[in-house]
Amino acid sequence: MVEPVGGSDYCRAVEVLLGRAEDVLGPRAGRPLAARLEAVLRRAADGAARDAELEAVVDEHATATAFVEAVLADAPRFRAPDLQSEPVRGVTYQGLPGAPGPITADRFRCPTAGCGFEWVRPALGHRVPPCPSHGAALGRV
Ligand SMILES: [Zn+2]
């Protein structure tokens, strides 16, 4: 699982690619690509220079370029192309595994009978708060 590190949009898209490099490019190309991208990300270089470096690595593979472009086009959610018709998973991870889809908004509700407290995530990366009345963990609806 890749945590957002608060870099640029391009950086975030690359992190999504990193989590799936082997699925996208196959193990032979994906593994070395991921290793090189991780090396660039680890170096805490200046943002714009780092983006350029990441882009140079990504652009060696047309498939990787297409993947990153698709993730960027999904801003501000930055989901992998195959997840873009599904709710966000993995980034902040408060959904119950196996929650039924399709779901169009990130909407959560108190599980306590008769409560009805609902909360909608304003943007990716916000943690789901507990119910203010019951302190219960909200479930995705
Ligand atoms: Zn409640």
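How do helix 1 and helix 4 lie relative to each other?

What we have here is a predicted model, where local features need pLDDT of at least 70, side-chain atom pairs count only at pLDDT 80 or more, and totals for chains, interfaces and linings use all residues. Residues are numbered from 1 along each chain as its sequence is written.

The chain holds 4 helices and 3 strands. Helices are DSSP runs of H or I with at least four residues, strands are runs of E with at least two, and both are numbered from the N terminus.

Now back to my opening question. Helix 1, residues 9-25, packs with helix 4, residues 62-73, at an angle of about 130°, and their axes are 9 Å apart. The axes are lines fitted to C-alpha atoms over the stretch in contact, and angles run from 0 to 180 degrees between N-to-C directions. Angles under 35 degrees count as roughly parallel, over 145 as roughly antiparallel, 65 to 115 as roughly perpendicular, and the rest as oblique. Helix 1 and helix 4 are therefore oblique to each other.

Who makes that contact? On the helix 1 side, the residues include Tyr-10, Ala-13, Val-14 and Leu-17, and on the helix 4 side they include Ala-64, Phe-67, Val-68 and Val-71. Contact here has a plain meaning: C-beta atoms, placed from the backbone, lie within 7 Å. By class, this contact has 12 nonpolar, 1 polar and 1 charged residues. For those classes, Ala, Val, Leu, Ile, Met, Phe, Trp, Tyr, Cys and Pro are nonpolar, Asp, Glu, Lys and Arg are charged, and the others, Gly among them, are polar.

Please compare helix 2 with helix 3. Their angle is about 175°, with axes 10 Å apart, so these two are roughly antiparallel. Leu-33, Arg-36, Leu-37 and Val-40 of helix 2 meet Arg-50, Glu-53, Leu-54 and Val-57 of helix 3. That contact divides into 5 nonpolar, no polar and 3 charged residues.

In soluble globular proteins, nonpolar side chains tend to be buried together. In this chain, the largest nonpolar core has 17 residues, and Ala-13, Val-14, Leu-17, Ala-64, Val-68 and Val-71 touch the most other members. Helix 1 gives the most to this core, with 6 residues. A nonpolar core is a set of buried Ala, Val, Leu, Ile, Met, Phe, Trp, Tyr and Cys residues joined through C-beta atoms within 7 Å. Buried means 20 or more other C-beta atoms within 10 Å of a residue's own, exposed means 12 or fewer, and partly exposed is in between, again with C-beta atoms placed from the backbone. Buried residues make up 18% of the 141 residues in the chain.

Beyond its neighbours within four places in sequence, Ala-13 contacts Val-68, Val-71, Leu-72 and Phe-78. Phe-78 sits in the loop between helix 4 and strand 1, and counts as buried because it has 21 C-beta neighbours inside 10 Å. Its phi is near 55°, a positive value in a residue other than glycine. In that loop you will also find Pro-76, and the peptide bond from Ala-75 to Pro-76 is cis, with omega near 5°. For context, most residues other than glycine have a negative phi, and most peptide bonds are trans.

How values were computed: Contact = placed C-beta atoms within 7 Å.
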